[in-house]
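Good morning, everyone. Please bring up the sequence and the model, and follow along as I go through them.

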Amino acid sequence: MSTEIKQLTEKLQLTLDPDQLTNCMRCGFCQTACPTFQETGLEAASPRGRIALMKAVYDGKMEPDAAFRSQMDLCLGCRACEPACPSDVKYGQLIEQARESIAAVTAERWPVRTVKRLFMERLFPHHGRMRLLGSSLKLYQTSGLQKLARGLGVMKLFPPHMREMEAVLPQAAGDGVIRRWEKLGLPARWEQGEGGQSLLVIPAEGERVGRVGMFRGCIMDVLFTETNVNTVKLLRLAGYEVVVPASQTCCGALHAHAGERESARRLARTNIAAFGAARVDAVVSNAGGCGATLKEVDHLLHGDPEEAEACRFAAQVRDVSELLAEGRPLPLKPLGQGEEQVTVTYQDSCHLRNVMRVSSAPRQLIRTVPGAKLQELPDADRCCGSAGIYNLTQPEMSASVLDHKMEQVERTRAHVILTANPGCLLQMKWGVHRHGKDKTMQAMHLVDFLAESAGER
């Protein structure tokens, strides 16, 4: 047994939750919900199979070799297995524990380690640097550099999936929701929260029904700034006063999924303090992946001194669709021309549905839009293949999952595909482009679709 294998075995035995490992009854209900099992038909590529591998290592019956690590990496982390599990096995916690152990022990090649450190530690947690990245990307997109790079064939240096993803990136921004809101000259004031934290407070339109803190995200705020602005506008229309804490940071989802759980814990503590100072009734997210991570900070900080605060914070986290469905009815206007209807389908964000357990609110809102016909998507709860950066690290499996998703989308004959997570949105944009549907179909965030009907886009 090599030193690395021995260290990984010991780390897994210390990290994996034995109760969750033994809770699995091996009934197989998870297999029909698992995209990688459906794609491969391999037992090891199912949640049941991966748990069996983890338990075998935990019990000292096998070594965590390259094949073991490959199966841990192949998991999308969509967690569709959890609602399907009759024993309520917390598979998401197990896969993150396994990946945390692998990341702590396995020596990564220096290019991978350097890139991961650049994005995970130097960029995502720092909003000012993310805005600078957004400004640089915007310059590339609007100055002619993008057109020049494509014309010179520079993009051919990258793998096909990265070229296709570059083609569907939305226009980036360097301001973010706070600066954009101030540039628009819309109603707002600055307040000082507990501990001297700066809070942008945006008043509700009409009678206030609640005070909510908006989680702006990191990638969300530079690639989907308009969606963040539209989120605030819709919440105001629904009667909410919106507070945006300036000191909030990245949710830590990508860190946790990559096994960097200590970094995720550090980010969680920052966000708990930021929103605690805002004195809000709820913390609202418009990104399913971010919302799910925020919703589970109590598990992330289990046993920490901040656990009680983490539990209070987790209980406050809500998806924007839930608050809009509960608030004052939105003043929506008809879409399309005359009697013409716009056929819409909805792709569930895995983490929004499987972790936050939100699926009816988005559909309820879509049905309130005059002129919109909701055509249910077969297997809408099946992962689209995005899964954070999975489409970059596992492009073949991601594309295979996406192609099957697009087959179902095409059956709906929808004009618009809606989703509620930035990663899913980019993936569905890639699917539309990949399948040559750019002229007949578009992918949109649910918030932008509602804002367009409300005349707020």
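Salt bridges come first, and by that I mean a side-chain nitrogen of Lys or Arg within 4 Å of a carboxyl oxygen of Asp or Glu. One word on the source: this is a predicted model, local features need pLDDT of at least 70, side-chain atom pairs count only at pLDDT 80 or more, and totals for chains, interfaces and linings use all residues. Residues are numbered from 1 along each chain as its sequence is written, and side-chain values use heavy atoms, with hydrogens and water left out.

How many salt bridges does a search of the whole structure find? The count is 33. Let me take you through three of them.

Start with Arg261 and Glu96. Their closest N and O atoms are 2.8 Å apart. This pair links distant parts of the chain: Arg261 is in helix α16 (residues 261–276) and Glu96 in helix α7 (residues 91–105), 165 residues apart. Are Arg261 and Glu96 buried or exposed? Both are buried. Buried means under 20% relative accessible area, exposed means over 50%, and partly exposed is in between, with a 1.4 Å probe and protein chains only.

Arg261 and Glu96 also belong to a network of salt bridges. Glu100, Glu262, Arg265, Arg269, Asp304 and Glu306 are linked in it too.

Next pair: Glu166 and Arg150. Their side chains meet in a salt bridge at 3.1 Å, N to O. Glu166 lies in helix α11 (residues 160–168) and Arg150 in helix α10 (residues 145–151), so the pair ties together parts that are 16 residues apart in sequence. Glu166 counts as buried, at 11% relative accessibility. Arg150 is partly exposed, at 40%.

Glu241 is buried, with a relative accessible area of 6%. Arg189 is partly exposed, at 36%.

Stay with β1, and let us turn to strands. Strands of a sheet pair through backbone hydrogen bonds, either parallel or antiparallel. Two strands count as paired if DSSP finds at least two bridges between them. Strand β1 (residues 189–192) is joined to strand β2 (residues 198–202) by four bridges, and the two run antiparallel. Glu191 stands opposite Leu199 in β2. The hairpin of β1 and β2 has five residues between the strands, and Gly195 takes a positive phi near 80° there.

Now the open sheet. Which order do its four strands follow? The order is β8-β7-β9-β10, with parallel pairing. β8 and β10 (442–445) stand at the edges with a single partner strand each, so one side of each has no neighbour in the sheet. Neighbouring strands are turned by 35° against each other on average, direction ignored. That angle uses axes fitted as lines to C-alpha atoms, for helices over the stretch in contact, and angles run from 0 to 180 degrees between N-to-C directions. Within the sheet, three bridges join β7 (residues 342–346) to β9 (residues 416–419). Val344 has Val416 as its bridge partner in β9.

Why is helix α17 (residues 288–295) described as largely enclosed by the rest of the structure? Because seven of its eight residues are buried. Among them are Cys290, Thr293 and Leu294.

Helix α24 (residues 395–412) holds Gln408. Gln408 counts as buried, at 12% relative accessibility. Its side chain makes a polar contact with the side chain of Asp379, at 3.0 Å. A polar contact is a pair of N or O atoms within 3.5 Å; within protein, one must be able to donate a hydrogen and the other to accept it, and residues adjacent in sequence count only if both atoms are side-chain atoms. Ser398 counts as buried, at 0% relative accessibility. Ser398 and Leu74 are 324 residues apart in sequence, and 9.8 Å apart in space, C-alpha to C-alpha.

That is my tour. Questions, please.
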